[in-house]
Amino acid sequence: MVLDVKDLQYNEINEQLRAGSDDIQITGCCGQRFIAAGFSDKKIDISGIPGNALGAYLNGATINVNGNAQDAVGDTMNAGKIIIHGSIGDAAGYAMRGGEIYVQGDAGYRAGIHMKEYKEKRPVIVIGGKCGSFLGEYQAGGIIIVLGLSDDEREIVSNFPCTGMHGGVLYLRSDAKNIDFPSNVSAAEASAEDLDAVKGYINEFCGLFGYNTDEILNATFTKVVPDSKNPYKQMYVAN
Amino acid sequence: MKTEGQIRIPSGCAIAAVISKEGKKMSGEAITNSMRPMHDRSNGLGGGFAGYGIYPDYKEFYALHMFFDDRTTRKETETFLKERFEIVKSEIIPTRKMPAITNEPLIWRYFVAPLKSVLDRMQLDEREFVARTVMKINSEMKGAFVFSSGKNMGAFKAVGFPEDVGEFYRLEEYEGYSWTAHGRYPTNTPGWWGGAHPFTLLDYSIVHNGEISSYDANRRYIEMFGYKCTLQTDTEVITYIMDYLIRVQGLSPRDAANVIAAPFWETIDKTSDPAEKERLMYLRKVFPSLLITGPFSIVFGYKGGLMALNDRLKLRSMVVGEKDDMTYIASEEAAIRVMEPNVDKIWAPAGGEPVIINVKDGVSL
């Protein structure tokens, strides 16, 4: 089923999506927010530019965007999958607590801010390009993987990554030698076992966007984890 | 009703802008339409636009756009203006009556030239004289407000949603080489026409999305130089800071950006080019009170150019797009796609990284 949303408000779009078939193609999207917010099933394919908070609270549905997406993709997402054939704005995966986000291009500032995990719920963000500053700010759980495949000159991640990180794990496809991490995290070269643990997600990324998994994995990866049970120690006050 | 100046207004907002590097003229229709997909970023309590190059027939004259509460105030203000300026044209700014825009004040414009005898007596250059006159009217003359005072440019603003404000002012009838736009989301005020963006002084204009936390420190400093912040909105002070840094102190827009969104000291420490490091340190040391903190994305308009800038932590979104000689700036990519569906390049500038676009040298403005 094809849904042209050119003149529809976000609430009308979501009503029609709910009433529609299991597999829906959205066309003519231009900035409408909250698309598929809270959806637990259906496959939604979007052409155009979806607005902020795409797939917020997503609970199992699959969203595919044939282009860029704006800010706060997958805000507080619980389960499901969001695939972006382009770049995303700021605060992608904000407070995400389950599900997977795959981005072919770059991410803006604060990707993965305050991601969290609990028992079997472990969210994943894979970014094919590079990230702005404050990647994984206050990360409390989940997995962020940045591949740095875009060919501009800048570093794979800009300033202040992992500020306030206290859980989860970050992988950068880089030796990260020019990147300053805060004192509350440890960064070291990822081992073969480390990469084995996330190979499935990289494989999925490569399948979606046409890369070769072995070539992508044939590089130095840096693994970053918080290094204590008290990550805020000395951050604000001596405690 | 309390007007602004009696209540402080935090605001959310949407911004957009467009410029042709070739100086090609475009009507205000596209910039008006660009605000439509960002409708939900505003709440109907303010919208506005600035257009550059819109008054070619009067480009030697300052275009004063004014709100008046009533006819008496207008008559008194006109008497005051005549003592200081030659008024070559005065007229009501044409508007379109529409249900979405109500309670309009009297809206007039005057094309004026300062009287030489007055300039000589006061020993002021023309621009300083006009700036002081605007300050005087806005701080001392109750019920009169100058909301635009540059040459060959003009601001248009109102209480309402921006797409309605664009229609209200019939912006499709103006042609400019650059435009900026704003949709406002003040959260605890009745809203007033003068408090909508852009905020302007001379040909400088600011549209702003954000809420700066250094407002009072910035205000206290800038008021030492004769500026009067009458509205207590954070954006007003940014406009005066830019006027002070660029017109009065002679800084370039890029230097001014490095003052108001100065890099962190630790980022300056890591700067490898010694001359660049020296420049950044110099600007931070000389103008520490003009550092603006808190979230902002702004578009600064001036004769022949635009500058887009985010706060250094990038707490607000902003994207830039390019196509041929056109550059587009907006809070959301969707707004850019309305103006140009097939942009060649689209990117998000880093926090504190100014994007400056000037009309090519040699183009007559």
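How many Å should the 15 residues of helix 7 (residues 234-248) of chain B span? At 1.5 Å a residue, helix 7 of chain B should span 21 Å, and its end C-alpha atoms are 21 Å apart, which agrees. The expected span is 1.5 Å times one less than the number of residues. Helices (H or I, at least four residues) and strands (E, at least two) are DSSP runs, numbered from the N terminus.

Before the tour continues, note that this is a predicted model, in which local features need pLDDT of at least 70, side-chain atom pairs count only at pLDDT 80 or more, and totals for chains, interfaces and linings use all residues. Residues are numbered from 1 along each chain as its sequence is written, while chains are lettered from A and ligands numbered from 1 in the order in which they are written.

**Stop 1: helix 7 of chain B**

Keep helix 7 of chain B selected. Because 12 of its 15 residues are buried, the helix is largely enclosed by the rest of the structure. A residue is buried if 20 or more other C-beta atoms, placed from the backbone, lie within 10 Å of its own. Among the buried residues are B:Asp234, B:Tyr240 and B:Leu245. Next, display what covers them, including helix 4 (126-140), strand 12 (204-210) and helix 8 (253-260) of chain B. Just after helix 7, B:Gly250 takes a positive phi of about 75°.

**Stop 2: the nonpolar core**

Select B:Ala16, B:Ala17, B:Ile241 and B:Ile329, which touch the most other members of the largest nonpolar core, a set of 179 residues. Helix 7 of chain B gives this core its largest share, seven residues. Such a core consists of buried Ala, Val, Leu, Ile, Met, Phe, Trp, Tyr and Cys residues joined through C-beta atoms within 7 Å.

**Stop 3: an open sheet**

Move to the four-stranded open sheet of chain B, whose order is 5-6-4-7 with antiparallel pairing. Strand 5 (85-92) and strand 7 (144-148) of chain B stand at the edges with a single partner strand each, so one side of each has no neighbour in the sheet. Two strands pair if DSSP finds at least two bridges between them. Strand 4 (residues 62-68) and strand 7 of chain B pair over four bridges, and B:Phe68 has B:Ala144 as its bridge partner.

**Stop 4: chain A against chain B**

Finally, display both chains: 16 residues of chain A are in contact with 16 residues of chain B. Contact requires C-beta atoms, placed from the backbone, within 7 Å.

Notes
Two residues are in contact if their C-beta atoms, placed from the backbone, lie within 7 Å.
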